[in-house]
Amino acid sequence: MKRLRNYVLYIFVLLAYQFAAVCPVTEKEILLQFKGNISSDPYNSLSSWDSSKSVCQDFSGVFCNPAGNVHKILLWNTSLAGILSPALSGLKYLRILSFFGNKFSGNIPIEYSDIDTLWKMNFSSNSLSGQIPDFLRKFSNIRYLDLSSNEYSGEIPSALFRNCFNVKFISQSRNKLSGSIPLAIWKCFNLLGVDFSFNNLSGDLPPQICDISGLVYFSVRNNGFAQTVEEQILRCKSLEYLDLSSNMFTGMQALIRAQVAIRAQRALIKCFFVDIYQNIQDYDISNIEESSASGKLIDWHDEEGFPAENPSPEIVDQECQ
């Protein structure tokens, strides 16, 4: 009798597996699993996420491609709380995932590394914590990665920059990160902007940071860096915004001379921040000769024309007025 029971159980498990193989979880079921992980929805932002409704036509914040597959989820400033559901890894056509301005806690599920179509991820202004996952390196198509304004701690994983040839913008500002900026960042040779401001980083800036020929925005404001950086700055010929304020960089006059030299090379740095006395000192030298081209605000729009949800360059532009 026991043998017969085991045999029946085996047949049941086998049939269940085969059924699952021919009846994969639908995108609607995946999104409803995500909703099930939400512990608080104060504005009823997901009230339209209902099993009786159409994902592409009715689900708020969900956008589909012409083939009817979910390719974008935008839930901005909705104060959703809970943990990120691993189920989203089942969305095989997802390109944009933006949860800016919510209250998600925990960390990014490792299952998200299976979303190889993803090219924009914005989890800024949440309550994510722990260490920044090194499995993010698997996002070979990622272009925009914003983890700013969370509670991440520990060091920036060097592995994050092993497969970053498509990355255009990285922000990990306003966390609790420590250690140094990994030297491997220079491998992200298509980078346009980097923001590591308001952390507890220290050490030296990566010596090859200016080998990224298209880099136009670089901020390490309010950290613990301490070095002389004149030689490095002279090599940054494409920068438009550079924020080194509230650190312990040395050689203030040398840094100002470096900016003059960059101006002479027709770069567009609008303001130059330097802090060597643990106080912010803003040196606006926009009237220096050879600087007739005025600084401009970087237009951080994504590749589909949507404005970036956390445009740090705008903040710098306001402070440089």
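How many helices and strands are there in the protein chain? The chain holds 6 helices and 19 strands. The model is a predicted one.

**Overall picture**

The protein chain has 321 residues, and 49% of them count as buried. Its accessible surface comes to about 15300 Å². Carbon and sulfur atoms hold 52% of that surface.

**Salt bridges**

Side chains of opposite charge can pair when their charged atoms come close. The count here comes to 2 salt bridges.

One of them links the side chains of Arg137 and Asp134, at 3.8 Å from N to O. Are these two residues buried or exposed, or in between? Arg137 counts as partly exposed because its relative accessibility is 27%, and buried would require under 20%. Asp134 has a relative accessibility of 41%, so Asp134 also counts as partly exposed.

Another salt bridge joins the side chains of Arg221 and Asp243, with 4.0 Å from N to O. Arg221 lies in the loop between strand S15 (217-219) and strand S16 (224-225), while Asp243 belongs to strand S17 (residues 241-243), so the pair ties together parts that are 22 residues apart in sequence. Arg221 is buried, because its relative accessible area is 12%. Asp243 is buried as well, with a relative accessible area of 2%.

Ser197 is 24 residues away from Arg221 along the chain, yet their C-alpha atoms are 4.4 Å apart in space.

**The loop around Phe135**

Where is Phe135 placed? Phe135 sits in the loop between strand S8 (127-130) and strand S9 (144-146). Phe135 is buried, because its relative accessible area is 8%, and the limit for buried is under 20%.

Which residues does Phe135 contact, leaving aside its neighbours within four places in sequence? They are Ile108, Pro109, Ile110 and Ser113. Glu111 is 24 residues from Phe135 along the chain, and the C-alpha atoms of Phe135 and Glu111 are separated by 9.5 Å.

**Cavities**

A search of the whole structure finds 2 cavities of 30 Å³ or more. The table sets out their volumes and the make-up of their linings.

| Cavity | Volume | Lining residues by class |
|---|---|---|
| Largest cavity | about 80 Å³ | 8 nonpolar, 1 polar, 1 charged |
| Second largest cavity | about 50 Å³ | 9 nonpolar, 1 polar, no charged |

Which residues line the largest cavity? The lining is made of Leu136, Arg137, Phe139, Ile142, Leu145, Leu160, Asn163, Cys164, Val167 and Ile170. Arg137, one of these lining residues, also takes part in the salt bridge with Asp134. Arg counts as charged and Asn as polar, so Arg137 is the 1 charged residue in this lining and Asn163 the 1 polar residue.

The second largest cavity is lined by Leu205, Ile209, Cys210, Leu215, Phe218, Gln232, Ile233, Cys236, Leu239 and Leu242. This lining has no charged residues.

Terms used. Residues are numbered from 1 along each chain as its sequence is written. This is a predicted model: local features need pLDDT of at least 70, side-chain atom pairs count only at pLDDT 80 or more; totals for chains, interfaces and linings use all residues. Side-chain values use heavy atoms; hydrogens and water are left out. Buried means under 20% relative accessible area, exposed over 50%, partly exposed in between (1.4 Å probe, protein chains only). Helices (H or I, at least four residues) and strands (E, at least two) are DSSP runs, numbered from the N terminus. Contact means heavy atoms within 4.5 Å. Accessible areas come from the Shrake-Rupley method with a 1.4 Å probe; for residues, only the protein chains shown count as cover. On a 1 Å grid over the protein atoms alone, a cavity is a set of points where a 1.4 Å probe fits but cannot get out, and a pocket is an open set with protein on both sides within 12 Å along at least five of seven lines; lining residues have an atom within 4 Å of a point. Grid points are joined across faces, edges and corners, and a volume is the space filled by probe spheres set on the points.
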